[in-house]
Amino acid sequence: MAHILIMAASTGKNLDLATSFYNTVLTQGNTAEIIDLCRLNLPMYTPEAEKEISDISSVNNVMEQLLASDALIVCAPEYNGSIPPVLNNLIAWLSVQSDDFRMLFNRRKVGLATVSGGGGQHVIMSMRMQFSFLGSNVLGRSIVINKTKSFNQLSLDAMATEVLK
Ligand SMILES: Cc1cc2nc3c(=O)[nH]c(=O)nc-3n(C[C@H](O)[C@H](O)[C@H](O)COP(=O)(O)O)c2cc1C
């Protein structure tokens, strides 16, 4: 039995999509957990904040959850043609926790999905660049839901399977 970590970078439709992924993973006989990034309520990363706050337990929890997972699925809305701040901020905090933070992402299989207003392709491209830079193996196929592309359970079934191969 494999374990998939699912990150939701917004509490609206992207969290709904993360929940659909969660149910999909369980239906396939594996286990999953969702991290609602907005509810982590992380402070904004700045070099000053890093000096002042030495230990953020929620960041340590995410590190443990990543290390305990076999794959990662990220559901994030497009903001201004790019990655929403909560996801960027989490990655910044993770990156300063230890010298070998790359082990969190290196060779990790990552599936990318979005529910966005009009487009969604830009946030997929941005996340693909970000996670590839971190050493992850990002699935070629992504899931984009927007005004003209509706939810398709078959796409979730395929990604939940593919991300574990
Ligand atoms: C600050 C901000 C910037 C946005 N920029 C874009 C954008 O560049 N492209 C797009 O397709 N949608 C954009 N949207 C719309 C969101 O992607 C869309 O509302 C999404 O469904 C929100 O996800 P949620 O329901 O999970 O909160 C933007 C929304 C906000 C709040």
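Two residues count as being in contact here if their C-beta atoms, placed from the backbone, lie within 7 Å. Keep that cut-off in mind as we walk through this predicted model.

Let's start with the overall picture. The protein chain has 6 helices and 6 strands, and from the N terminus on they run β-α-β-α-α-β-α-β-α-β-β-α. Its C-alpha atoms fill a box of roughly 45 × 35 × 25 Å along the principal axes. For 165 residues, a compact globule would come out with a radius of gyration near 15 Å, and the chain's own 15 Å agrees with that. Of those 165 residues, 36% count as buried.

Now for the inside. In soluble globular proteins, nonpolar side chains tend to be buried together. Here the largest nonpolar core has 45 residues, and those touching the most other members are Ile6, Met7, Ile73, Val74 and Cys75. Pick Cys75 and look beyond its neighbours within four places in sequence: its contacts include Ile6, Met7, Leu17, Phe21 and Ala113.

That last one, Ala113, is worth a stop of its own. You'll find Ala113 in strand β4, and it counts as buried because it has 27 C-beta neighbours inside 10 Å. Again leaving aside neighbours within four places in sequence, Ala113 is in contact with Leu17, Ile73, Val74, Cys75, Ser142 and Ile143. Tyr45 is another story: Ala113 and Tyr45 are 68 residues apart in sequence and 25 Å apart in space, C-alpha to C-alpha.

Next, helix α6, which covers residues 153-162 and has Leu156, Met159 and Ala160 as its buried residues. They span an arc of only 100° around the axis, so they sit on the same side of α6. What covers the buried residues of α6? The cover includes strands β1 (3-8), β3 (71-75), β4 (109-115) and β6 (143-145), along with helix α1 (13-27).

Finally, the ligand. It is surrounded by 15 residues, with Ser10, Gly12, Asn14, Pro77 and Gly117 the closest. The shell divides into 10 polar, 3 nonpolar and 2 charged residues.

Note on methods: Residues numbered from 1 in each chain as written. Predicted model: local features only at pLDDT ≥ 70, side-chain atom pairs only at ≥ 80, totals over all residues. Near = placed C-beta within 6 Å. Nonpolar A, V, L, I, M, F, W, Y, C, P; charged D, E, K, R; others polar. Buried ≥ 20, exposed ≤ 12 C-beta atoms within 10 Å, placed from the backbone. Helix = DSSP H or I, 4+ residues; strand = E, 2+ residues; numbered from the N terminus. Arc of directions from axis to C-beta. Core = buried A, V, L, I, M, F, W, Y, C linked by C-beta atoms within 7 Å. Rg over C-alpha atoms; globule rule 2.2 N^0.38 Å.
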